[in-house]
Amino acid sequence: MLLKQTPRLAVLAVAAATTVLMSGCTGKQDATQGQAAAAQARPATPVSVQVIEYTEAIVHTELAGRITAYQTAEVRPQVSGILQKRLFEEGAEVKLGQPLYQIDPAIYEAEVASAKAALLQARATLASAKADAKRSAELVKVNAVSKSADDSAQAAYKVAVANVEAAKAALTSAQINLRYTKVNSPISGKVSLSEVTPGALVTSGQAQRLTVVQQIDPVYVDVTQSQGEMAKLREQARKGVLRTGDNGQADVQLILDNGTTYPSLGKLTFKDALVDEATGTVRIRAVFENPQRDLMPGMYVRARLVDGVLTKAIKLDQRATMRRNNGTPYVYVVNKDNKVESRDIEITGTEGNFWLVEKGLEPGEKVVVEGLQRVAPGATVAPGAPLVSKVGPDSATVNAPANAAEQTK
């Protein structure tokens with residue numbers, strides 16, 4: 001009896017299992033359809049987008065630099081003696097030739113007096129020798145004196161003339177040394193602290209300087225630029241992508257330590273003809289006017305070299321960019337179906353609040369600027385918030401069409 005019932009029970013069990021499986025499949029299918037319907041019913045996320053377009057962009061390179069004085073003169077004594085007094089206020093502006101120190105002039109005044117006396121003696125000797133030479137020249141004509149005696153008289157006269165010239169030179173030298181007892185400023189500029197005090201013995205040609213005078217209006221800013229970057233900019237200029245000035249040089253903008261921009265632009269005045277073998281860089285020097293003395297030698301600054309203008313550039317609002325784990329920048333692009341796509345980009349520089357994008361975007365594409373936190377790749381968006389219609393210094397925001405249908409027209 002049991003043997004006859006077993007096949008029947010097996011059939012019933014299989015039928016029950018089949019019914020359960022069919023019910024489960026039907027439930028999953030219904031759930032999937034429900035999720036799709038919910039996704040279709042969910043409203044599109046409103047976002048702000050920027051429409052990509054070609055525009056002009058200023059290309060600049062920002063480099064670290066240091067300010068150096070336009071001229072620097074280390075003041076040292078040219079004669080020896082006791083320093084009597086300091087004649088300037090430390091840190092003040094001095095003029096070319098202005099006295100800075102006074103060295104005791106007594107010895108040099110005496111030397112001048114002695115040289116004047118020697119000159120008077122030489123002139124007296126010259127007068128006597130001249131008269132003797134004149135008389136000898138007359139007497140030799142009538143054979144009143146010998147020829148050799150006349151030759152001696154004429155030679156004595158010439159020696160007397162030479163002695164007068166030597167005495168004049170000695171007097172001039174003594175007068176110069178006397179003038180050097182006043183140590184004057186060799187240039188106009190700002191004088192530093194005095195490194196000696198009155199009463200000190202100074203000597204001619206000593207190694208220790210007395211003070212330093214620096215001309216700081218204008219000033220130099222010395223920076224270095226990568227040779228590879230410079231070559232790239234020159235190549236762009238040759239191709240016409242980069243528009244530079246008529247002289248091929250660049251204006252320079254200065255960024256101070258506190259982040260402020262120096263009000264005056266500088267001019268590039270020198271580029272080294274040689275590349276540094278150790279660093280692969282080229283030295284660059286710019287000159288800046290400094291009427292207010294805000295720039296001091298030794299200050300570290302950032303020099304922004306305006307290299308030219310890109311005629312076909314893509315500027316992207318910096319708020320639109322994100323970074324992957326490896327640091328690669330990417331953006332969300334809205335396609336023609338108003339769905340979000342992730343796109344890697346390549347950034348080459350900045351201008352204001354915009355990135356300069358070299359690769360990854362094309363004119364006419366829409367990039368999400370605001371609302372990035374609310375969307376993900378594949379999401380449907382409604383770019384009905386304000387659109388950035390223009391990029392650059394005069395960028396403005398305008399109202400976009402009210403719905404996505406109008407936006408895609």
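The expected span of a helix is 1.5 Å times one less than its number of residues. In this predicted model, helix H2, covering residues 106-139, has 34 residues and reaches 50 Å from its first C-alpha to its last, close to the 50 Å expected at 1.5 Å a residue. Its buried residues are Tyr108, Val112, Ala115, Leu119, Ala122, Leu126, Ala129, Ala133 and Ser136, and what covers them includes helix H3 (147-180). An α-helix has 3.6 residues a turn, so residues three or four places apart point the same way.

The largest nonpolar core has 21 residues, and those with the most contacts inside it are Val221, Leu254, Phe288 and Leu295. Two or more residues are given to this core by each of the strands S3 (54-75), S10 (211-226), S12 (251-255), S14 (281-288) and S15 (300-317). Leaving aside residues up to four places away in sequence, Phe288 touches, among others, Val221, Leu254, Tyr262 and Leu295. Another core, of 17 residues, lies apart from the largest one and includes Phe88, Ile187, Val191 and Leu210.

Among the elements, strand S24 has the lowest mean pLDDT and strand S6 the highest.

| Element | Residues | Mean pLDDT |
|---|---|---|
| Strand S24 | residues 397-398 | 31 |
| Strand S6 | residues 99-103 | 97 |

Over residues 19-23 pLDDT stays under 50 and the model has zero contacts beyond four places in sequence, whereas over residues 385-390, where pLDDT also stays under 50, the model has 25 such contacts. Where pLDDT is low, the predicted coordinates should not be read in detail.

Conventions
Residues are numbered from 1 along each chain as its sequence is written. This is a predicted model: local features need pLDDT of at least 70, side-chain atom pairs count only at pLDDT 80 or more; totals for chains, interfaces and linings use all residues. Side-chain values use heavy atoms; hydrogens and water are left out. A nonpolar core is a set of buried Ala, Val, Leu, Ile, Met, Phe, Trp, Tyr and Cys residues joined through side-chain atoms within 4.5 Å. Buried means under 20% relative accessible area, exposed over 50%, partly exposed in between (1.4 Å probe, protein chains only). Helices (H or I, at least four residues) and strands (E, at least two) are DSSP runs, numbered from the N terminus. Contact means heavy atoms within 4.5 Å. pLDDT is the predictor's confidence in each residue, from 0 to 100.
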